[in-house]
Every structure is written in structure tokens, then in C-alpha cells.
Amino acid sequence: MTSAKVLIVDDEPQIRRVLRTTLASQGYTVVEARSGDEALEEIRHERPDLILLDVNMPGRSGLETCSEIRATSDVPIIMLTVRNTERDKVQALDAGADDYVVKPFGVEELMARIRAALRRVTPAESIPPFLSPELKIDFEKRTVLVKGQPVRLTPKEFELLRQLVANQGKAIAHRRLLQAVWGPDYGEETEYLRVFINQLRKKIEPDPGNPRYIITEPWIGYRFERPHSGKGADKSD
Amino acid sequence: MRPSILNHILRFGAAFAIVIAITLFYRKLLHVNDTTIALTFLLSILAVSTVWGMAVSVAMSVAAMLAFNFFFLPPVGKLAVADAQNWVALIAFLVVAVLASRLSTSARQQAADASARERDIERLYRFSQGLLESGNVMELLNRIPAQIVNVFEVGAAALFLADKQKVYRSGPVTPQLDTENLKAIMVRAEPVFDLPNGLCFLPVRLGVRTIGTLGTSGSILPRQTLEAIGTLIAIAMEHARAVEQLGQTEAARQGEQLRTALLDAVTHALRTPLTSIKASVTNLLSNPSLLDGQKHELLTIINEEADRLNRLVGEAGEMAKLDAGEVELRLEAHPIEDVISASLAHCHGSLGSRVVNIHVAPNLPMVRVDVARAREALVQLIENANQYSPHDRPITITAELSGDFVVTSVADRGSGIDDPEQALIFEKFYRGKDQRYSVEGTGMGLPIAKAIVEAHGGAMSLTSQHDRGSVFSFTLPVERARATHP
């Protein structure tokens, strides 16, 4: 049993009721918000460990709320969406969500996703920092410097980067990356990787459209590469 | 227009009086030579012929000649017919009389023609203005005959249309303007004027195609005017048809949008209770450690959400029927109190101890209403007021007369509705890109209530002030026919 605090954000009272009862029966502490604005308020006061966020709300939408939360907090966010289309999923992940669940969902699936999202808190084995003239990553202090400027990564982005750097020079398969970062229940959700790799590239690559650190291995997965020093010193950007 | 017989006699009398006056004047008062006298006669004939026309002036010429011959030409006191001077005078008098009267008559005729044409053009203009005001073909067709009667001051007008095989009429019943006659003219395809009976018939052409016949009775219209009327009718009908078609295309497009929105909304609306049910059931199935209280809570949710699904499906079906105009109303004359009391009886349970004030204006006429349907609409408004205003504040229901309608209003003293929401609240299944407006329950209550009122020929509206509360009103048409023939 866990005692993590979960914030439920949904405008539908009945859904909040079900989630409250379900999470309480699993030992979670539950806080509720009826709208995006209420959610932002609750986050300040209650400091939840995880947020379940409905995409479809009147007023400030779930996606807007998600971006807003991400501006100040790394708290894991699972989006509750109604539509099961690629575009909606990507939108949710793009807004900064760690994961999403499509309504209607079974409780086991939701619980598995909640556990996976909370899992990252357990510290992984330490790896030495990555140091190059332009990019410095310190896994102990969880800091990333690009050309000397600190860059903010979400926990999932950081975890993904750690996996890639730990296997420097080797291609890692989609499934392995997904399971390492999200958890053993994952493996097919390649769109997660697409979105998160994109975001990572935007943050650390000098030219995200022409990546030098995070290389795509077609049909296989991704590979982290230390660029040649000549190119690495290129400061044209 | 024409001078009466008495008028005629007076004019002849006056002409002869002038001749006598001139004769007396030159005989008794002033003695001048013959030429001056003849010129005086000539001038007076010229004047008379200009003003009173040929007949009077010719008669006057003869009289003047006789007077001139008898009283002034030697031998004075005797008619000397043989004298050539005589004939010259007579011919001069007659020529002046005829020419001057001709000229003045034609000038007068031209002036009259010009003013008649001006009047016709002005009438045609008014007629065309009247026709362009019609928005649709049906209204236009019913309007044309009345416009013709009003504008052109004919007794009756009838318009037969080939494609509808129907005659549109205005003015008193005229047997000659019957359908058979009108059809026959259409086949002949040329205007027919029946002067003795005061009838005009004109085939109405659009391009080279004859599309119908116009018949008028009471007064004969000039052929040109009649043909201009025909052209205007044809143009107006084409115009109205084009406008109507444009509207239909627009309506079809909106219908398509509405169906998409409906599907979207229904999908969303159904998925919410399904989510609650699915989550509750999977929890009950998979979690053996649930406490009794938690199990009960989950089962309650399942029960409530199943009811909600049922209500949703029912309302979606009803909305679809109302949209398609498939709901048949049993319209009867009822006092509005019937609707109000039925609604209150229905809301009795949910209102509880809430104070409800009712103000029905005295002597309200009956409304034409399907009480069961109207009750649904009013119940929706009462339930809304009940849900969205604090329980200790009263709800006020008023009914009063406004023109041909009885207006029923439900006022609450809740927090009111914001302007942007006011505009959207009646929209069927309104949902923005990232937001949706959902009335507690199913989100279809108000659109359904509005559709019911509109099916009655009424309208629903909302006025709301922030922190003052909201007033939802709807109108129902007053029962006219039954009120006069009970």
C-alpha cells in the first residue's frame, strides 16, 4: 500500500466520485479539483505526488492546464482523454503529460499507469556525468547545461536521456526504452518516444531538425552519440 | 372625365352669348369697320375653340357668320347669301375653329397621356418594390394579386401558375377570372382585352417560356403597363426562387454541421457515464479489499449512471425527432394555467420547500398548445432555476399577454449567466474546441425546450444579469379561431 497523494481534476462529479473511491480503496490520499484553475490552486497548497487530469473541461482546458503546471512543476501527470486518436495522444504528451488513459478505462489499467508514473522516484544506478564542450549532463545533480545555460527537463525526459547516455554508441530498441522509462506494462507506445525524443532534441540539440546527439535508428530505436570534436566546437547557432 | 350634358349645353349657350355680346357691342356702343368686327369674331372663336373644343367652336363659327352677315355686312338687316365676302368669313371662322380646337385638343391629350404614363411608371415602381420585399416564393405568390389590386386600383386580380396548377387571387370573387379562362389564355400566349366586361388577361413570360396567366377585372389597364407587370412578376419570382434556393443550400450545410456536432456531443455525453460505470465495475471485479461502504458507493454510481445513460438516449432520440420536425403536436386551446399547474405538479418532488411565486395576468386568452409538450419545456426551465439558484431564494413564474402571444417567464435569483454563455446556452450541443458547455444532466434539456416552443410557433429567450439572476421566457400563440367560435 502506498500513501501517495493524487489530485483528481475532472469537471464530471460522478467521475471524481468513482476515482476518489477507487484510489482511496488502494490506499492513495485523494484531493479533487473541478477545473483547471482549481487544480493550479490545489497544486500550490496540497503538493500532490501525481495528477489525473481530464482533457475535456469547460474553461481552461486540460491541455492548457497541463502546460501551465509544467511551467512550474515536474509532478507526474496522467491525462484522461475521451478520444483515442493519435493526434489527441500526441497533443496530450506534447502539453507535458507523462502518460494518458483513454476513457472509458478499466481500473487495473489506470492503477498500473499510476504506479508506473510514480516509479521514477526510485533512484536508478548512478552513471558518470556526460561532458562535451556544448552539452554537460550531471546525473547526480539532475542538471543539464547547453552551452553553459541550464535547461529544464521533465522527469520522463531526464530518465529517457539517462537511458540513452548509459548506452552511449549503442542502439536501444523502442520496447526496451519504453519499459525502462515508463515501466514493464509498456512496449507498443512508440508515439510516446516520438514525442519525448522530439522534446529532448529541441532542448539539447543545436539543430533539432538535424540531430547530432540523439540519432534515430530506423526500425530499431534510438542511439546516443558523442559528436566529433570538430563539429562539436561549431558555434554557428 | 368627360363633360356632362348640362355642361355641354352651358358651353353652347355661352358661345352664343359671346356672339350676341359682340354683335350688341358693335351695333350699339362702338361703330368700327367690318374688318375689325370680323377679327373680333375670329379672336373669340379662337379662344372658345382652344378651351371648349371643336363642336362648340364650329357652332359658334356658324352663328358668328350669320350675325356678321345679318347685322354688319351690307345690306344690313338681311341675309345676303350670295355675297362672296360671306363665304370667306365663314371659311375663315370654320378653319380657325377646327384648327385651334384640334391643336389644343391634341396638346391636352398629350399632357393627359404623359401624366397617365407617369402614374403608370410610378405604380410599376411601387409594385416592383412591393414584390422585392418577399423573401420566399410562397409569400410572393400570395402577395402578387393583392399588390396588383392595391397599386393599380383594379377590382380583382388572379394569377395562375402552370407549374403549381394553382390560382392566387385578391379582391372580390369574379366569375370571369376562373381557372379555365386563365388556362385558355396561357395556351393562346397573347394578351386579351375584354373591354365590355372590363377584363384584361396577360400571359406571364419568363424569357420565351410562358409560366402562367395574370387576369384583372374592374378597369382596363394599358397594354404596355400590363406587359410590364408581367415582366416584373416573372423577375420577382425568379429572384425569390434564387433566394429560397440559397437558403435551402445554407440550411442543408447547417444541417450537416449540426449532425456532426450531434454525433460528437452524443459520443462525449455517452462516454462520460460509461467511464464511471466501467471504472466502478472493474474496481468491483478486481479489488477484493474493498470495504462495504466503498462497494456500496460504486454500486450507487453504476445505478445512477445507468439511469443517466437511459435519459440521454431518450433525449437524443427526442431531439433528433424535433429537429426532423417529426414530432406531432396535439394542439388544442388551453389556458396557460393548465401548463403551469401540470409543470408544478411534475416538479413538486425536486422543488421541496422552495417558494414559488405565480403571477398570471387576469383575462388571458387561451393558447394553442400541446399541454404535455409545453409542460416538458416549462419543467426544464423550472428545474434549471431550481438547480442554479440558492434554495432560500424564490422562483417566480409569470404569464402575460404580448401581442398575439402569451409570454411565460421563469425568474430565479441565482448568480446569473455570463454574456458569452447566454449566447451559447440554447445552442444544440454547443462545444468549443477545448471546452464544452454542459448543463447539469445531459446538456440537451434547454435545446429540447426551445425546440418544443418553436414547434408551437413561439420563441424562447433569456435575459440575465450577473448576480441578479436569470429570466427564461417563452411565447405560445394565442388561440384565435376557437376564441371567436367556441
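Tutor: The model is predicted: local features need pLDDT of at least 70, side-chain atom pairs count only at pLDDT 80 or more, and totals for chains, interfaces and linings use all residues. Residues are numbered from 1 along each chain as its sequence is written, while chains are lettered from A and ligands numbered from 1 in the order in which they are written.

Helix 4 itself spans residues 86–94 of chain A, and its buried residues are Lys89(A), Gln91(A), Ala92(A) and Leu93(A) (buried: 20 or more other C-beta atoms, placed from the backbone, within 10 Å of the residue's own). Helices (H or I, at least four residues) and strands (E, at least two) are DSSP runs. Just after helix 4 of chain A, Gly96(A) adopts a positive phi of about 115 degrees.

The axes of the two helices, helix 4 and helix 8 of chain A, come within 10 Å and cross at roughly 40 degrees (lines fitted to C-alpha atoms over the stretch in contact, with angles from 0 to 180 degrees between N-to-C directions). From helix 4 of chain A, Glu86(A), Lys89(A), Val90(A), Leu93(A) and Asp94(A) meet Glu191(A), Tyr192(A) and Val195(A) of helix 8 of chain A (contact: C-beta atoms within 7 Å). By class, the residues of this contact are 4 nonpolar, no polar and 4 charged (nonpolar: Ala, Val, Leu, Ile, Met, Phe, Trp, Tyr, Cys, Pro; charged: Asp, Glu, Lys, Arg; polar: the others).

Chain A also touches chain B: 25 residues of chain B are in contact with 21 residues of chain A. On the chain B side, helix 7 (223–286) and helix 8 (292–323) are the elements that give two or more residues. Helix 7 of chain B supplies the largest share, 12 residues. That side of chain B comprises 6 nonpolar, 12 polar and 7 charged residues.

Chain B has 13 helices and 12 strands, and buried residues make up 31% of its 486 residues. One of its sheets is open, with 5 strands in the order 2-1-5-4-3 and antiparallel pairing (strands pair if DSSP finds at least two bridges between them). Strand 2 (166–170) and strand 3 (192–194) of chain B stand at the edges with a single partner strand each, so one side of each is left without a neighbour in the sheet. On average, neighbouring strands of this sheet are turned by 15 degrees against each other, direction ignored. Strand 4 (199–206) and strand 5 (209–217) of chain B run antiparallel and are joined by 8 bridges; Leu199(B) has Ser217(B) in strand 5 of chain B as its bridge partner. Helix 6 (179–188) of chain B lies across strands 1 to 5 of chain B, at about 135 degrees to strand 5 of chain B.

Elsewhere in chain B, strand 12 (469–477) is mostly covered, with 7 of its 9 residues buried. Strand 12 of chain B pairs in the antiparallel sense with strand 10 (405–411) of chain B over 7 bridges, and the partner of Thr408(B) there is Phe474(B). Strand 11 (460–465) of chain B is antiparallel to strand 12 of chain B, with 6 bridges between them, and Leu462(B) stands opposite Phe472(B). The hairpin of strand 11 and strand 12 of chain B has 3 residues between the strands, and in it Asp467(B) takes a positive phi near 70 degrees.

Notes
Buried ≥ 20, exposed ≤ 12 C-beta atoms within 10 Å, placed from the backbone. Contact = placed C-beta atoms within 7 Å.
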